[in-house]
Amino acid sequence: MFTAKAIGRVKSPYRETKDIPKGLGARHEAEGVLEILPEFEAGLTDIEGFSHLIVLWEFDRAQGFDLLASPPSDNRTHGVFATRSPRRPNPIGFTVVELRRRDGACLHVRGVDMLDGTPILDIKPYLSSIPQESLRRGWLAEAEERQ
Ligand SMILES: C[S@@+](CC[C@H](N)C(=O)[O-])C[C@H]1O[C@@H](n2cnc3c(N)ncnc32)[C@H](O)[C@@H]1O
């Protein structure tokens, strides 16, 4: 397996996990900056054309993992791989953000749900080809119905 190294850090308004909206109906509209290290800046060439980006990052302030997780959106436990819990065997986070503008090695984005200083592992353009009607939302849809 490769050893992950950060390509940059997230500048986020969130200093503590309690500040980040969570649970059913939580909306992530906070603005932030993906600050990419100078040695990776050339990798941002042509990124401006994409409206949304997938950001892969490290849950660097999570410790350990649970195979059964209790998400804030439900009062029932679910397998960690059926949730977005930070406490997972490989502490990798995934967030789709809207790209507002690029300023050199800084990407100004909207929709961050990471803590300030979170290490960025990778960035990819977001291209969803799954029609809305084909998506199933599993236990989350059931939790929403019970509310
Ligand atoms: C439910 S996770 C979802 C994150 C991402 N959208 C995903 O699906 O992988 C979001 C929570 O992760 C936690 N979090 C954010 N940044 C973190 C970090 N750097 N280290 C540990 N936990 C973090 C916060 O508690 C936040 O509410």
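Mentor: Two residues are in contact if their C-beta atoms, placed from the backbone, lie within 7 Å. This is a predicted model, in which local features need pLDDT of at least 70 and side-chain atom pairs count only at pLDDT 80 or more, while totals for chains, interfaces and linings use all residues. Residues are numbered from 1 along each chain as its sequence is written.

Trainee: Which residues does Ile54 touch, not counting residues up to four places away in sequence?

Mentor: With those sequence neighbours left out, Ile54 touches Phe94, Val96, Lys124 and Tyr126. Ile54 lies in strand β3, where strands (E, at least two residues) and helices (H or I, at least four) are DSSP runs numbered from the N terminus.

Trainee: Is Ile54 buried, partly exposed or exposed, and why?

Mentor: A residue is buried if 20 or more other C-beta atoms lie within 10 Å of its own, exposed if 12 or fewer, and partly exposed in between. Ile54 is partly exposed because 16 other C-beta atoms lie within 10 Å.

Trainee: How does one read a nonpolar core, and which residues have the most contacts inside the largest one?

Mentor: In soluble globular proteins, nonpolar side chains tend to be buried together. A nonpolar core is a set of buried Ala, Val, Leu, Ile, Met, Phe, Trp, Tyr and Cys residues joined through C-beta atoms within 7 Å. The largest one here has 15 residues, and Val10, Leu34, Val55, Val109 and Ile120 have the most contacts inside it. Two or more of its residues come from each of β2 (31-36), β3 (52-58), β6 (92-103), β7 (106-110) and β8 (119-125). The contacts of Val109, again without residues up to four places away in sequence, are Gly32, Leu34, Leu53, Val97, Glu98, Leu99 and Arg100.

Trainee: Which strands pair with β7, and in what sense?

Mentor: Two strands pair if DSSP finds at least two bridges between them. β2 pairs with β7 in the antiparallel sense over five bridges, and Glu35 has Cys106 as its bridge partner in β7. β6 and β7 also pair in the antiparallel sense, over five bridges, with Asp103 standing opposite Cys106. These two strands, β6 and β7, form a hairpin with two residues between them, and Gly104 in the turn has a positive phi of about 65°.
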